[in-house]
Amino acid sequence: HAPRAPGRARPACARAHSARKLEAHGCVATMGFADTGKLGVGVRPRVYSDRLPKNVAQPGLEGKKLFDVGGVNAELFNIDEGLHGKIVKSEYFKCLYVFKTFDKIVDLIYEKVNYIEPYTHRGAENRNRMRQPSSAFCLLLKLFHLRLTEDQVRILLDHPDSTYLRVMGMLYVRFGADQNCYWRWLGEYLDDLEEFAPGIQAMHQTTVGDFARKLLTVGERDLYGTSLPPISPGMEYRMSVHLAKHEDMARRGAANIKYVGTPRLAPGARGFLCCARDFYADDDDLSTETGVVWRRDATVEAVEEPYPGAPEGTQPRYKVVFKDGQAAMAKLGMFQFPPDEAEKRQLEKERREAERRERAERDAAARDARRAAKGKP
């Protein structure tokens, strides 16, 4: 994803605009209701939902490539039926009717979302009916109603201002996309080291990469009390293969760190193997095996350094162009380099040592055989 700058505060004029628009529709008192337990609001505010416009898709979608929503229950955007019912009945969600553009919802996510649990409280089972949907999932459903384009989903996933905007993009993909698209949209974030608190308890931190892995791991279908959309058995196997490939790629990246800043990865460099072109492809045909495809025709065009303030250990990425003109962003582990002179000498030394050990073992076995033939111990 694109380099990210440190988080910035939204202009006061933007926050004031959101407040004025809500107040004009009689909803300003309800904007915090989804988080009443956290904010200490004890009285349920009154909302005149019959005065509000219905949820409609955002304007200006003509000619743009929409993000395809699929899954087993696309009508509910694959959200648990009980949770979906609570969201559409909540006053907070009804007040979101007045917002009709992607940018306004992004502003609200920036302001309101500081955890991504589906409910404001995880109470005992006998109190489940009293739990209210969180701001995060109310805004997630609103994003589905807006019918996002593919470009807008990518904006969320790579947003520079808030980790929660990025995580909301991941939830949009995991709940809304067909399972064949999961790897293409989420796979590249598995090694993202940016930290955030996914739950109400802010002391429990994780990384964006670990959260993406949780969304793609077959055995991890529970997300703080709500179920993620199921994955077919064929996709379960394919996803395990993808995760194993990614682990191999991460190990190669650690081994290739010595080449960072050297001519081997400078703009114009070539003569290596690269697997970046199809590493994060869609899983359209589950009947065929998928493997890593290494190509020799790539050239480094540009280096994308880690963004300012990036977590320690974040590696640069490289824009590579193939002979047919196709371009891709390559991570450090997507390269294989021919050995240099020092590496060749080391490999030759290891080869000779292995041959010496093998020869010594053969000689020892032959001596033992001769002794056994003569009846000696």
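The following legends describe an overview and several close-up views of a predicted model.

**Figure 1. Overall make-up of the protein chain.** The secondary structure of the predicted chain consists of twelve helices and nine strands. Of its 377 residues, 43% are buried. Among contacts between residues at least 6 apart in sequence, 72% link residues at least 24 apart. The chain has an accessible surface of about 19,900 Å², and carbon and sulfur atoms account for 51% of this area.

Figure 2. Across the whole structure, a search finds 15 aromatic pairs. One of them joins Phe279 and Tyr280 in an edge-to-face arrangement, with 5.0 Å from centre to centre and 80° between the planes. The pair counts as edge-to-face because its planes are over 60 degrees apart. Phe279 is buried, at 3% relative accessibility, and Tyr280 is likewise classed as buried, with a relative accessible area of 16%.

**Figure 3. The stacked pair of Phe335 and Phe337.** The rings of Phe335 and Phe337 form a stacked aromatic pair, with centres 5.8 Å apart and an angle of 20° between the planes. The pair counts as stacked because the angle is under 30 degrees. Phe335 has a relative accessible area of 1% and is buried. Phe337 is also buried, with a value of 16%.

**Figure 4. Arg277 over the ring of Phe322.** Arg277 lies over the face of Phe322. The distance to the ring centre is 5.5 Å.

**Figure 5. An aromatic cluster that includes Phe77.** Phe67, Phe77, Phe144, Tyr172 and Trp185 together form one aromatic cluster. Phe77 belongs to the loop between helix H2 (36-39) and helix H3. Its backbone has a phi near 55°, a positive value in a residue other than glycine. With a relative accessible area of 14%, Phe77 is buried, because this value is under 20%.

**Figure 6. Packing of helices H3 and H6.** Helix H3 spans residues 81-89 and helix H6 spans residues 135-146. The axes of the two helices come within 10 Å and cross at roughly 85°. H3 and H6 are therefore roughly perpendicular to each other. On the H3 side, the contact is made by Leu83, His84, Ile87 and Val88. H6 contributes Phe137, Cys138 and Leu141.

Figure 7. Gln315 is located in the loop between strand S6 (299-304) and strand S7 (317-321). At 31% relative accessibility, Gln315 is partly exposed. Gln315 and Ile257 are 58 residues apart along the chain, and their C-alpha atoms are separated by 8.2 Å. Leaving aside residues up to four places away in sequence, Gln315 touches Gly253, Ala254, Ile257, Pro306 and Leu332.

**Figure 8. Tyr224 in the loop between strands S3 and S4.** The loop that holds Tyr224 runs between strand S3 (222-223) and strand S4 (226-227). Phi of Tyr224 is near 50°, a positive value in a residue other than glycine. Tyr224 is partly exposed, with a relative accessible area of 22%.

Key:
Residues numbered from 1 in each chain as written. Predicted model: local features only at pLDDT ≥ 70, side-chain atom pairs only at ≥ 80, totals over all residues. Heavy atoms only, no water. Phe/Tyr/Trp six-rings, centres within 6.5 Å; stacked < 30°, edge-to-face > 60°. Buried < 20%, exposed > 50% of the residue type's maximum accessible area, 1.4 Å probe, protein only. Lys NZ or Arg CZ within 6 Å of the ring centre and 35° of its normal. Helix = DSSP H or I, 4+ residues; strand = E, 2+ residues; numbered from the N terminus. Contact = heavy atoms within 4.5 Å. Areas by Shrake-Rupley, 256 points an atom, 1.4 Å probe, with all protein chains shown as cover. Axes fitted to C-alpha atoms, helices over the stretch in contact; angles between N-to-C directions. Parallel < 35°, antiparallel > 145°, perpendicular 65-115°, else oblique.
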